[in-house]
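This briefing goes through one protein chain, from selected residues to the overall counts. Please look at the sequence and structure first.

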Amino acid sequence: MLSSARWSLSTKAGRCRYQPRDGQRGGAGRGCRSLSWLRPFCHQLDQTGQHVFCVCGTKVNVLDVASGAVLRSLEQVRVGRARAGDWCGGQPVLMCSVCSHLQEDQEDITAFELSPDDQVDRAGTGGGHPNIEALRTCDHAPSLPAELHLLQVLVTATRALLLAQWAWREGSITRLWKAIHTAPVATMAFDPTSTLLATGRALGGWLGHVEGTWSGCSGTLTTSLQTHSPGGCDGAVRVWDIVRHYGTHHFRGSPGVVHLVTFHPDPARLLLFSSAADATIRMWSLQDQSCLAVMTAHYSAVTSLTFSADGHTMLSSGRDKICVIWDLQSHQATRTVPVFESVEAAVLLPEELVPKLDVKSKGLHFLTAGDQGLLRVWEAASGQCVYAQPQPPGPRQGLTHCTLAQSAGLLLSVTTDHNLLLYEARSLQLQKQFAGYSEEVLDVRFLGPEDSHIVVASNSPSLKVFELQTMTCQILHGHTDIVLALDVFRKGRLFASCAKDQSICIWRMNKAGRVACVAQGSGHTHSVGTICCSRLKETFLVTGSQDCTVKLWPIPEALLSKGTAPDSGPILLQAQATQRCHDKDINSVAVAPNDKLLATGSQDRTAKLWALPHCQLLGIFSGHRRGLWCVQFSPMDQVLATASADGTIKLWALQDFSCLKTFEGHDASVLKVVFVSRGTQLLSSGSDGLVKLWTIKNNECVKTLDAHEDKVWGLHCSRLDDRALTGASDSCVILWKDVTEEEQSEEQARREEEVVKQQELDNLLYEKRYLRALGLAISLDRPHTVLTVIQAIRRDPEACKKLGATVLRLRRDQKEALLRFCVTWNTNSRHCHEAQAVLGVLLRHEAPEELLAYPGVQASLEALLPYTERHFQRLSRTLQAATFLDFLWHNMKLPTLPTAPSVAPSAL
């Protein structure tokens, strides 16, 4: 038997959770996607190549590259609705710590930036550059904070117009200030010293607003009324000193959205570049506080700016399918390179990386990533493409981001489907791949001989295979429409999939963990919604379709031979038998453990039993009120389990087709059911987002797991029954672990520890070591045991002194626990004397301020008062009766008894 806490949440696969799609399984639905122009840098790779930072709604997730685990989620809250000019704690709400008395709320993150070297300069002086220090020579500039240490810095911006500075390794906000922009911040960038931060705002639509500016030199807050037309507004770029905590510059003049800002890599030049909706590039001087040049060459949005090592050349890319090389000394374009795709990012390659790509020409080379989904290397001098990635299999996916971590030798690119691709920078060979968005998960399976991988079918024609240890992802392409179901053969290396494109595919995983399609078949006239593999040997598989038929597919011998080359191409499968089984859609098929029986479940509210391999009908299971979603054979008994849309699970006898048991507990359709614990328990999932564990013997639901937010379509258990896997429409895949043995061992250890402590307590009481005995009893958190110790103390001849001395020597937390126990004792007239004695000691010797500082003391006193008053009244009545009896005794006159005559001894 398993304990009620059989399963516990272990981990989640996937990075982002978007709004779940509506409708039935595999529907077109709706998905939440962020617009690339609003948030161009939703992913960043640190220079060490160890962490990837990803925006996910209201938080930034920090992904560990080595393990694939989300190390930390940084979620920013909105502190009230502070306007420019509001004050908090004596300071303007422009740069202050998080204030607890203001109302908190969650806001979507619109932009974030990681410092170039992942840390603030130790001295805060810009690495010793005099030009940067010259910006801070104003007499009224704030002094350098004494508490400044070497911090790991990340800055986020939200729709609430708040900027948060994070010590991201600790997961804490160190500063929070108002951006003063009139619209959400669309982009930001650090300078090379990690001390200055530039922010650019998105498009605003206010007809009139008051804008506040915090002057770092004068220390005054000024406001200016500005009026904008509904169609647009002047863009603004602000520069912040994040070490001394004040604004240094406010640049105006860019029309519309400022979607790109970046600093020149040489901090001595103090140059800032920005681009807005007019497709121009503006160069600002921080020292002169003016615009030095407006560079025009693009006809569409500029998507990236990058600089050469000497700092004299700049490369810009845009969605107008060109890249422009600029001479920063003359501010003129020296060459325009047509790249024939909408470019989202361009990277200037260091000279040492270019020869590794078999590029023999010398000079300036740059890499582009765009809507064609390929990384390509271009020679700046000739404008020729000197290297292009091979076209990956499957449909073309554009690239939305690309960044180079030169010190780590890694290149990160992001696809339109939020897949993160990590390449070795020297060879552009794919090292790792992470799936950022799983869409609506329709089915999941463990994969591999030791269940080391999982395969996920989502609302997509492609499959995702994750390695559980590192969460590295492989994306498999083979179907042309949404994959609906999966199943794995006994050995774990071969698995099958079926899809809406009326086809099936068989996939094989090699010893290195790479998966390839080895066979394909088609023959159904409608979507193939369910598939099941043979159980004893890898000999056949069965599919069920919306065309109401079942097909039996034999596995070719060539597919099972070890000498079959993986690159020889998929083998064509042919159906051996076809049988029309139901009058409506077939939602589930299951093969018996002996491979001789087949069960089918349909929307016609029936399940049927068939003999293999000729598909002869043996019997019909009738009793459900709505359609069936799942059928499953027991691994131990001749029993069939069915899950229905009527919210029930039924067990059927295979011999007489009678219903043995019915399990009720789900509030909606039961979508999947599997046998666990060697056939003694059932695990089910439903449309209510719940996973339930049932004990078959007594029909009892022993555990309900509520971790999903939508329909749980996928449910699978590992070979050893020690783990389970669920996937749902909320885009989450959850891995569950069996903790029965751990809980039993913990319970056994707890009982043994209690026995030892109880024996120690008895010994302490026998030795009259009351202080240790009372402390030990309180640590056990058992009021009756503490009461026993108090009673033992009160039986001592010097009870009053010993009780006071013992109670007063307790720690504060022990006194708080003792006060709580007194509330319980005081409700019983037989134990109220001990409670009043302890309460009397505390009231006589503890100061009222200390007692009021105890947590929950008000509730304890309110509970003590009525019972204390009742005990006092009872004692008063007893005292009155005793006084009356004493009065009667003293006033009663008893007759004198006659004295008996004495007898002389001689008479005896």
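**Buried loop residues and overall picture**

S731 is buried, with a relative accessible area of 2%; buried means under 20% relative accessible area, exposed over 50%, and partly exposed in between, with a 1.4 Å probe and protein chains only. The model is predicted, so local features need pLDDT of at least 70 and side-chain atom pairs count only at pLDDT 80 or more, while totals for chains, interfaces and linings use all residues. Residues are numbered from 1 along each chain as its sequence is written, and side-chain values use heavy atoms, with hydrogens and water left out.

**Chain totals**

- The chain's secondary structure comes to 10 helices and 63 strands; helices (H or I, at least four residues) and strands (E, at least two) are DSSP runs, numbered from the N terminus.
- Of the 908 residues in the chain, 54% are buried.
- Among the contacts in the chain with a separation of 6 or more, 51% are between residues 24 or more positions apart; contact means heavy atoms within 4.5 Å.

**The loop between β62 and β63**

- S731 lies in the loop between β62 and β63.
- S731 has a positive phi of about 70°, although it is not a glycine.
- Most residues other than glycine have a negative phi, and most peptide bonds are trans.
- S729 is also placed in the loop between β62 (723-728) and β63 (733-738), and S729 is buried, with a relative accessible area of 1%.
- The side chain of S729 makes a polar contact of 2.9 Å with the side chain of E440. A polar contact is a pair of N or O atoms within 3.5 Å; within protein, one must be able to donate a hydrogen and the other to accept it, and residues adjacent in sequence count only if both atoms are side-chain atoms.
- A polar contact of 3.0 Å links the side chains of S729 and W713.

- H708 sits in the loop between β60 (700-706) and β61 (712-717).
- H708 is buried, with a relative accessible area of 5%.
- Two side-chain partners of H708 are T726, through a polar contact of 2.9 Å, and D730, through a polar contact of 3.3 Å.
- Not counting residues up to four places away in sequence, H708 touches G689, T726, G727, A728, D730, C732 and I734.

**Other backbone features**

- R678 has a positive phi of about 55° and is not a glycine.
- R678 lies in the loop between β57 (670-676) and β58 (681-686), and R678 is exposed, with a relative accessible area of 61%.
- The peptide bond from L612 to P613 is cis, with omega near 10°.
- P613 is found in the loop between β51 (606-611) and β52 (616-622).

**A four-stranded sheet**

- Four strands form an open sheet in the order β20-β21-β22-β23, with antiparallel pairing; two strands pair if DSSP finds at least two bridges between them.
- The edge strands are β20 (258-263) and β23 (290-295), each of which pairs on one side only.
- From one strand to the next, the twist averages 25°.
- Strand β21 (residues 271-276) and strand β22 (residues 281-285) run antiparallel and are joined by five bridges.
- Opposite F273 stands M283 in β22.

**Strand β25**

- T313 is placed in strand β25 (residues 313-318).
- T313 and W326 are 13 residues apart in sequence, and their C-alpha atoms are 5.6 Å apart in space.
- Leaving aside neighbours within four places in sequence, T313 is in contact with T306, F307, S308, I325, W326, L328 and L364.

**The helix pair α7 and α8**

- The axes of helix α7 (residues 812-825) and helix α8 (residues 832-845) come within 8 Å and cross at roughly 145°. Axes are lines fitted to C-alpha atoms, for helices over the stretch in contact, and angles run from 0 to 180 degrees between N-to-C directions.
- The contact is made by L818, L819, C822 and W825 of α7 together with C832, A835, V838, L839 and L842 of α8.
- The residues of this contact of α7 with α8 divide into nine nonpolar, no polar and no charged; Ala, Val, Leu, Ile, Met, Phe, Trp, Tyr, Cys and Pro count as nonpolar, Asp, Glu, Lys and Arg as charged, and the others, Gly among them, as polar.
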